[in-house]
Amino acid sequence: MLLEISELKKTFRAPDGSIHTVIDVPKFSLEEKAQVALRGESGSGKTTLLNLIAGILKPDSGEISISGHKISTLNEPQRDRLRAESIGYIFQTFNLLQGYTALENVLLGMSFGPGVDHEFALALLKRVGLSEKLKHYPRQLSTGQQQRVAVARALANRPKLVLADEPTGNLDYQNSRESLKLIREGCRENGAALLLVSHDREVLAEFETVFDLEKLNRVAEKLEFKL
Amino acid sequence: MNIWRIVFKSLRQHLLSTLVTACSIALAGGLLISVWVVKSQAQKTFTQINGGFDAVLGARSSQLQLVLNSIFHMEASPGNIEWQDFLDIKADPNVALAVPISVGDNYRGYRLVGTTPEMFTNNEYASGKTYHVENGGSFFQPGYQEAVVGSFAAQQLKIKLGDEFHPYHGLTFNEKEQHAETYTVVGILKPSNTPADRVIWIPLEGLQNMSGHTEKASTEVSAVLVKFKSPIAGKLLQMKYNQQGNRLTLAWPIGTIMAQLLDKVSWFDRVLALVAYLVAVVAAASILASIYNSMNERRREIAILRALGAKRRLIFFSVVLEAMSISALGMCIAFAIYFVVLSVVAQIIRAQTGVVLDPFAFHPVMIFAPLGIIALSALAGIVPAFKAYLTDVAANLVPNS
């Protein structure tokens, strides 16, 4: 099993000082190379869940295991390393670094992982149709092109798991379809499992396995404040 | 792609603040190096320059005035001494060389100094160095109205071999005070980087007997430059002239007298150094402020780097390195500022004293000042670096809208 979650809990303190449980997932797992979608509305804790899996956030309790590595037993630098080497992350807002070209954004991701592979970076950007835009900065790319750079960057370290947080949320219909196709094909070609969260029915309809985060997560309440 | 790349990208993204901050560092560094080098070179050159002599014998006055007037050709002469005084000290068994000089005239502001040919033929103005004239020229002959012009004076006056001129009376130029005598330039001194470069040398008797001078002047000299056979002679003659006599003054040792003068004005370089230190601290603080203030806009970028797997300590050190890089850039510009400042200062000092400072001469401060300022900047960078270190990744991955 690639990803296993058990009794995972995460709470946040609201601005008024009250404690809110955002994640309470008793069990969840993902096989290697699987492609699974999680349906989640705003405030359902989907980004928090992905950040917990990526090791960006530390759970209050419970366990997350990736390829047998229990995240709770890892210190922060070890979690950083695991994230750099084993996890690719695609964000709704792309999160490209504005001062870096398309190629540099991909290479930067590699530099924190197993190492820079210039040829592979070029191949990935060619795969997502950006071989002519290597030296373009994000501001010089369309939103669809920016998302494609983000896809290439997420696959740059040949991760075992790609997390995609509303990856089509900022794209129009056409770009949304193309981007989703690229993400799925890219993961498949590189042997990575995909865990995608979205509330877009058309996106979710593309997946054979779709989990409902609101059923998976025992937390009934929805948070109104921004975390 | 490494930490330097991240630092470079950040510097480029914040180019304006990088340049402005680097310029303030450059100002501090340039001032600091200039103050130290000018102080050090001035101390060294002014205490070493003695024209090749150990002492100056002149009229009763301060030793400093004698040295400034006779060695540096500055200030007014404290008065003349008898020709016999020159003959007496010349005959002293402790004296290896005694050369008389007379002053009192100028040519367009450049001082005429009357002396004997021994000044050029028997004298090393510095260890192993003697005066030479440029090709085609010669030293003057006693009794002739001939002049040898110092290199700086010749350059400023645009004088060349064979030119003729009329001296002017007094040490400051007044065109109504022209003497009738005509002097011919027979030699231009090769640069010696000493006060001799800004003087016009003529035969002693020429100055003594210049038209308009009193008759008494022909039996007097302004001072006698003295070289001893041994250091002990200085003590003996100092006792003879300064303590037992009351008519003459022996200024000795010349280097110590100049060192005392520099000590008296050392407060000035201490003030300058203090200003430079303060500017350095303010510049380091400006690095802190500029990076710290940019942290708000950088939080998302830092969060993205962390999400990609960058460790906290890499983020921390990239900010510290950024502060150090701004400082290093500033110090590169500082050397340009230093060269400009020192060239201007050297030009002024050369024009006023004939002493030449060398902007290219190495001084340890050229290593210590950049290292010190870069270290100070690294310290200043720790504050924003710590803020970057603490950046909440999850909270900053979403755009601030």
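## The loop of B:P253

B:P253 sits in the loop between β14 (248-251) and α9 (254-264) of chain B, where helices are DSSP runs of H or I with at least four residues and strands are runs of E with at least two, numbered from the N terminus. The peptide bond that leads from B:W252 to B:P253 is cis, and its omega is near -10°. This is a predicted model, in which local features need pLDDT of at least 70 and side-chain atom pairs count only at pLDDT 80 or more, while totals for chains, interfaces and linings use all residues. Residues are numbered from 1 along each chain as its sequence is written, and chains are lettered from A and ligands numbered from 1 in the order in which they are written.

## Positive phi values

B:H73 is not a glycine, yet its phi is positive, at about 55°; the residue belongs to the loop between α3 (63-70) and β2 (81-82) of chain B. B:H73 is buried, with 23 other C-beta atoms within 10 Å, a residue being called buried if 20 or more other C-beta atoms lie within 10 Å of its own, exposed if 12 or fewer, and partly exposed in between, with C-beta atoms placed from the backbone.

In chain A, the non-glycine residue A:E166 likewise has a positive phi, near 45°, and is found in the loop between β7 and α6 (173-190) of that chain. A:E166 is buried, having 22 other C-beta atoms within 10 Å.

## The parallel sheet of chain A

In chain A, 5 strands form an open sheet with parallel pairing, in the order β6-β7-β8-β3-β9; two strands are taken to pair if DSSP finds at least two bridges between them. Its edge strands, each pairing on one side only, are β6 (87-90) and β9 (209-212) of chain A. Neighbouring strands of this sheet are turned by 20° against each other on average, direction ignored, with axes fitted as lines to C-alpha atoms, for helices over the stretch in contact, and angles running from 0 to 180 degrees between N-to-C directions. Helix α1 (residues 46-54) of chain A packs on the sheet, where it touches β3 (35-39), β6, β7 and β8 (193-198) of chain A, and its direction makes about 155° with that of β7(A); contact here requires that the C-beta atoms of two residues, placed from the backbone, lie within 7 Å.

Strand β8(A) is joined to β7(A) by 5 bridges, and A:L163 has A:L195 as its bridge partner in β8(A). Another 5 bridges join β3(A) to β8(A), with A:L38 partnered by A:V197. Because 6 of the 6 residues of β8(A) are buried, this strand is largely enclosed by the rest of the structure. A:A193, A:L195 and A:V197 point one way from β8(A), whereas A:L194, A:L196 and A:S198 point the other way.

## Strand pairing in chain B

Strand β11 (residues 200-203) of chain B pairs in the parallel sense with β4 (residues 110-115) of chain B over 4 bridges, and B:T115 has B:P203 as its bridge partner. With β7 (residues 146-149) of chain B, the pairing of β11(B) is antiparallel over 2 bridges, and B:V148 stands opposite B:W201.

## Contact between the chains

The contact takes 24 residues from chain A and 19 residues from chain B. On the side of chain B that touches chain A, the elements giving two or more residues are α1 (3-13), α10 (266-307) and α13 (393-396) of chain B.
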